[in-house]
Amino acid sequence: MPFSSFFTGLGKGLVATYLSTPDTTVIATVRDLSNSEYLSALPKASGSSLLIVKLEISSADSIATAIETLKTHDIGALDIVIANAGISGPTNSLVEAPVAELQKYIDVNAYGPFELFKAVLSLLRSSSAENKAKFVLISSAGGSLTAMYNFST
């Protein structure tokens, strides 16, 4: 079953695509469950279902809690995990930027996906998928420390 995070744009499109596949369970993660009704409204193919789980990618505790939530729903394996959360924003050049300013970008764009990978690895290894389970990391130039000062408001 696919597991993808943060659903605006690309993430929402991935959820919609997987839900259109019959007999597929999609696990979507969001930072705020109160803003997830647009995911619940997506059309589903016959036998497909959607589970929405709270997850903040910059928090190892939140990731662990999300994985525990899967267990309460008797989910013991994942076929694909798509980590597509990321942030970018205006910053000073790296030479001028204080470490505290950069830390939030590093937590979301680097450490968070790494923590997620570690947390889901046993579930991926439990997959019975024919072509083996996959962890897919999606990023962009916005996730680049060397290019982030080019992204301004």
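Author: A contact here means heavy atoms within 4.5 Å. On that basis, among the contacts between residues at least 6 apart in sequence, 66% join residues at least 24 apart. The model is a predicted one, in which local features need pLDDT of at least 70 and side-chain atom pairs count only at pLDDT 80 or more, while totals for chains, interfaces and linings use all residues. Residues are numbered from 1 along each chain as its sequence is written, and side-chain values use heavy atoms, with hydrogens and water left out.

The protein has four helices and five strands, taken as DSSP runs numbered from the N terminus (helices: H or I, at least four residues; strands: E, at least two), and from the N terminus on these elements follow the order β-α-β-α-β-α-β-α-β. Of the 153 residues, 35% are buried, where buried means under 20% relative accessible area, exposed means over 50% and partly exposed lies in between, with a 1.4 Å probe and protein chains only.

As for the interior itself, a nonpolar core is a set of buried Ala, Val, Leu, Ile, Met, Phe, Trp, Tyr and Cys residues joined through side-chain atoms within 4.5 Å. The largest such core holds 19 residues, and the members that touch the most others are Ile27, Ile57, Leu70, Leu78, Leu116 and Val120. Two or more residues each come from β3 (49-54), α3 (60-72), β4 (80-83) and α4 (99-125), and of these α4 contributes the most, with five residues. Leaving aside residues up to four places away in sequence, Val120 touches Ile67, Leu78, Val81 and Phe135.

Most residues other than glycine have a negative phi. Asp23, however, has a positive phi near 55 degrees; Asp23 lies in the loop between α1 (10-19) and β2 (25-30), and counts as exposed because its relative accessibility is 63%. Asp74 likewise has a positive phi, near 60 degrees, and is placed in the loop between α3 and β4; with a relative accessibility of 73%, Asp74 therefore counts as exposed.
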